[in-house]
Amino acid sequence: MVKIGILGIGTVGASVANILEANADIIEARAGKKIVVKSGVVKNLSKDRGVSIKLSDNPQDVVNDPEIDIVVELMGGVDEPYTLVKQALENGKAVVTANKALLAYHRYELQEIAGTLPLMYEASTAGGIPIIGALRTGLSANHIDSMQGIMNGTCNYMLTKMINEGAQYDEILKEAQELGYAEADPTFDVGGFDASHKLLILASIAYGIDAKPEDILIEGIENITSTDVDFAKEFGYEIKSLGIAKKVGNGVELRVHATMIPADSMIAKVDGVMNAVTVIGDRVGETMYYGPGAGGDATASAVISDIVDIVRGNQGPMLGYKKGLESGLKLLPKEEIVTQYYLRLEVDDQSGVLATITSSLGEFGISIETMLQKPTKDEKIAKLLFTTHRCKESEMQEAITALGKLDVVRGEIAMMRIEK
Ligand code: HSE
């Protein structure tokens, strides 16, 4: 018999305990051993958790319990779980965590501490989708050319409603919070940080990249307007918040941002709270993984897959790379990212203005692909919408700064990247 201790009995923890009990027969058949939850840890013992397991409010009761074989960390936060996971590993226990923030900051240290002990984290990325297993094992024969994913259900839910129903940003965010998709602090979702944690975890397995969220390009969906949505529709794009990882020579681009993508691509059709990740391997070609990225049972399904894997004896380096055998790939500086861009700006509607704008872009080597001019409520001001050919991020940032200084340009210039 294998005994589990769970740190954190919230929605996911309660689902783990309940599924292990309700589906015990099939789980035992697959794992080869009976798996039982010995105890769980909560902050407030007086709240009903809807579980039949023994509860404590002291995490030490789990991490120091000699009978517990596997510690499941579902607490959230970074510092306290780091200390407890470290302690559990030092006590010789296997660990399963769903904590993406913990891994975004400490995955390489934890891999070091774990040594040969299993430290698994399927539920940390894209909830119920078995993307970690797919990358660590299923695609291990491949060099990964690129990965692209909808890794935040809240953003996808909001964008779907804004694009399909013309919903207002604030209303729809409130709805996502009420439905329980959003993080406690929703700026984590809409600002792209939640997705960046997941992207960094995937990038470690695919490329051995040891980057932190601060090192990569992260932008949210806060500045998208109905003008952008209408433009995207007119020119055959969908707008999605994507996590993107791309191998370019010996470098890897890592970025999270709102992206215009062709409306007929598979990932463009992923709507609502669902997540999806496409991975292109050099041998297998393109594969795609789709499913629920959040929710108690879906996330618990991923947690239990790790438990079963551990019980079966699955070992191996946590991140897919052993120390000293890294891939040799390095994070590409943000400035060197090369892609196509969409620009939205308001200008004085008078002769010569368009020429000023296009020649300013030309000075930075930026070539225009399409252009649209729209009137505004103020007849003296026009809206200009451009897409550009591929150029460097640094050139685009410099061009935006230069355009912003022109007298004929009014207000902020909005930019979105395009991936084809
Ligand atoms: N807030 C996250 C989302 C939940 O919206 O996808 C899972 O990490």
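1. Basis. The model is predicted; local features need pLDDT of at least 70, side-chain atom pairs count only at pLDDT 80 or more, and totals for chains, interfaces and linings use all residues. Residues are numbered from 1 along each chain as its sequence is written, and side-chain values use heavy atoms, with hydrogens and water left out.

2. Open sheet. Six strands make an open, parallel sheet in the order β3-β2-β1-β4-β5-β6. The edges are β3 (54-56) and β6 (119-120); each has a single partner strand, so one side of each lacks a neighbour in the sheet. Strands are DSSP runs of E with at least two residues; helices are runs of H or I with at least four; both are numbered from the N terminus. Two strands pair if DSSP finds at least two bridges between them.

3. β4 (residues 70-73) and β5 (residues 94-97) pair in the parallel sense over four bridges. Val-72 has Val-96 of β5 as its bridge partner.

4. Hairpin β11-β12. Strands β11 (residues 274-281) and β12 (residues 285-292) run antiparallel and are joined by eight bridges. Three residues lie between them in the hairpin. Gly-281 stands opposite Gly-285 in β12.

5. Hairpin β15-β16. Here β15 (residues 368-375) pairs with β16 (residues 381-388) in the antiparallel sense, over seven bridges. The hairpin connects the two through five residues. Met-371 is opposite Phe-386 in β16.

6. Salt bridges. The structure holds 21 salt bridges, each a side-chain nitrogen of Lys or Arg within 4 Å of a carboxyl oxygen of Asp or Glu. One of them joins Lys-3 and Glu-67, with the closest N and O atoms 3.0 Å apart. This pair links distant parts of the chain: Lys-3 is in strand β1 (residues 2-7) and Glu-67 in the loop between α3 (60-63) and β4, 64 residues apart.

7. Negative patch. Glu-109, Asp-210, Glu-214 and Asp-215 gather in a patch of negative charge on the surface. Patch residues have over 30% relative accessible area and no salt bridge, with like charges joined within 9 Å. Areas come from the Shrake-Rupley method with a 1.4 Å probe. Charges are placed at CG of Asp or CD of Glu. Glu-214 sits in the loop between α10 (193-207) and β8 (217-218).

8. Aromatic pairs. There are four aromatic pairs, counted when ring centres lie within 6.5 Å. Tyr-157 and Tyr-181 have ring centres 5.3 Å apart and planes at 70 degrees, so the pair is edge-to-face; planes over 60 degrees apart count as such. Tyr-157 lies in helix α7 (residues 153-165) and Tyr-181 in the loop between α8 (169-178) and α9 (187-190), so the pair ties together parts 24 residues apart in sequence.

Notes
Patches are made of residues with over 30% relative accessible area and no salt bridge: like charges are joined within 9 Å, nonpolar side chains (Val, Leu, Ile, Met, Phe, Trp, Tyr) within 5 Å. Lys and Arg count as positive and Asp and Glu as negative; His and the chain ends are not counted. Rings of Phe, Tyr and Trp (its six-membered ring) pair if their centres lie within 6.5 Å; planes under 30 degrees apart count as stacked, over 60 as edge-to-face and the rest as tilted.
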